[in-house]
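Dear colleague,

I am handing over the structure below, and after it I set out what was found there. Please keep it open beside this message while you read.

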Amino acid sequence: MEGSVELPVAVATESVHPSIGTAPQRAQDDVFGTNPDAKCCGIFTPGSKAERVDGGYIVSGQWPYSSGSFAADWGTLGIALEVAEGEDPRALALIPKDAWTIKPTWFVSGMKGSGSDTIVVEDHFVPDHRIQRFAAMREAEFATPHQSTERNSNMAFIPVAALILVGAQLGLARHALELTLEKLPNKMVAYTKYKAAKNSPTHQLGVAAAATKFNLAELLMQQATADIDRAAARGELPDLITRGRIRNNIGVIAEPVKDGIDILMTTNGAGSFADANVLNRIWRDAEIAGRHAYVTPEVGKEVYGRLLIGADDALTMDI
C-alpha cells in the first residue's frame, strides 16, 4: 500500500476483500480453490437472524447497500451471534452467491455503477470455519494462519476496510482534472475577450485550486497507507492515536475531493451539468461517495480529537 496505489472502483469489486484475506485457510480455500479470481462483496452491519446449529449457523436476512453484489462470487455479511452478556455479538459470515438473491433497491443520483442493491438470504447454513468474530478482527486477531509470513495478514482490519473506500473518490478527482486539462485550455470564455481559457486568470486559478485540493487528498491517503503498512510490517496493530488519525484522514479526504470537483464544474462552465457530460456523472458520483458512513468527516474528527485530548470516553466507534 505504501506510496502510490491502484485506485479501486468500490470495495465490493476487489478480488481479495479484507475479510477474505483474514479468514481461516479452509475458508480461503473455499473461495479461491476453484476460482483464483473470485470476487467478494462485504456488508458488515448485522442484518440477519443467525441460529446456532451443529457445526455452524442457519442465517437469514437482508443486507442493503451491497456494493458490487452483482459481480461478487461471495459475500461477507454481518450477523449477530447469541453470546454471553457483555460480549460483542457481531461477526462476519462468508456466504456464496448461489445462497442469495438480489433485491433491486439502489435507486440514487450517483454511484449507480456500484449496484449497491440488497442481498437477501433465506435459511442458509454457514459452517463455523466461514465465520469470524468482529471483536477479534478489530484487534487484528485474525483466523488466517499466515500472519507470521504475510504482511497483508497483519493489516488493521477497520482502517483497511475504511481506507479502500476513498479510492473511488481519488479516482473521480483524477479523472475530473484529466478531462479539464484536455478540454478546457482552448475553450472560448463566453462574454469576455479571452479566446482560450488557458489565458484567463480566473480559469488558471480555478484549475490550480482544484489540483491542490486533490494533491492534499492524495497526501492524506498516502499517510494513512504508510501508517497501516509500517505497523503490518512489524506485525503490530497501530496504536489508538494512529488509528484515530487514519479514520480522520479518511473522512477529511472527501472534503477537498468534493470541493475540488465543485471548482472544476464552475471552471468548465454550466455545460458541465449536462446529462451527456462526463463531468456531471463524476460530480454526482463524488457527492454520493463522499457520504458513505465510514467516511463521514465529522465522525473521524470527533474520534481523533477525543483521542488527542484524552476525553474520558475516548472512543465512540470502532477504529
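Met111 lies in the loop between β6 and β7, and its phi is near 55°, a positive value in a residue other than glycine. Most residues other than glycine have a negative phi.

Before going further, please note that this is a predicted model, in which local features need pLDDT of at least 70 and side-chain atom pairs count only at pLDDT 80 or more, while totals for chains, interfaces and linings use all residues. Residues are numbered from 1 along each chain as its sequence is written, and side-chain values use heavy atoms, with hydrogens and water left out.

The sheets

Helices (H or I, at least four residues) and strands (E, at least two) are DSSP runs numbered from the N terminus, and two strands pair if DSSP finds at least two bridges between them. On that basis, four strands form an open sheet in the order β2-β3-β7-β6, with antiparallel pairing. Strands β2 (48-53) and β6 (100-103) stand at the edges with a single partner strand each, so one side of each is left without a neighbour in the sheet. From one strand to the next the twist averages 15°, where axes are lines fitted to C-alpha atoms, for helices over the stretch in contact, and angles run from 0 to 180 degrees between N-to-C directions. Within this sheet, strand β3 (residues 56-66) and strand β7 (residues 117-127) pair in the antiparallel sense over eight bridges, and Tyr57 has Val126 in β7 as its bridge partner. Arg52 lies over the face of Tyr57, at 4.9 Å from the ring centre (a charge sits over a ring if NZ of Lys or CZ of Arg is within 6 Å of the ring centre and within 35 degrees of the ring normal).

Another open sheet is formed by four strands in the order β1-β4-β5-β8, and here the pairing is mixed. Its edge strands are β1 (40-43) and β8 (131-133), each of which pairs on one side only, and the twist averages 25° from one strand to the next. Strand β5 (residues 90-96) is joined to β8 by three bridges, the two running antiparallel, and the bridge partner of Ala91 in β8 is Arg133.

The aromatic residues

The structure holds four aromatic pairs, where rings of Phe, Tyr and Trp (its six-membered ring) pair if their centres lie within 6.5 Å, planes under 30 degrees apart counting as stacked, over 60 as edge-to-face and the rest as tilted. In one of them, the rings of Tyr65 and Trp106 have their centres 6.0 Å apart and their planes at 85°, so the pair is edge-to-face. This pair links distant parts of the chain, with Tyr65 in strand β3 and Trp106 in the loop between β6 and β7, 41 residues apart. Tyr65 is exposed, with a relative accessible area of 55%, whereas Trp106 is buried at 18%. Tyr65 also has a positive phi of about 60°, although it is not a glycine.

Phe134 and Phe157 form an edge-to-face pair too, at 6.2 Å centre to centre and 85° between the planes. Phe134 lies in helix α3 (residues 134-138) and Phe157 in helix α4 (residues 157-163), so the pair ties together parts that are 23 residues apart in sequence. Both Phe134 and Phe157 are buried, and together with Phe44 they form one aromatic cluster.

Phe70, in the loop between β3 and β4 (74-80), counts as exposed at 53% relative accessibility. Leaving aside neighbours within four places in sequence, Phe70 is in contact (heavy atoms within 4.5 Å) with Ile102, Gly113, Ser114 and Gly115.

The helices

Helix α5 (residues 166-183) has 18 residues and reaches 26 Å from its first C-alpha to its last, close to the 26 Å expected at 1.5 Å a residue; the expected span is 1.5 Å times one less than the number of residues. Among the buried residues of α5 are Val166, Leu170, Ala173 and Leu177, and what covers the buried residues includes α4, α6 (201-233), α7 (240-268) and α8 (278-289). In α8, the buried residues include Leu279, Ile282 and Ala286, and their cover includes α5 and α7.

With regards

Terms used: Buried < 20%, exposed > 50% of the residue type's maximum accessible area, 1.4 Å probe, protein only.
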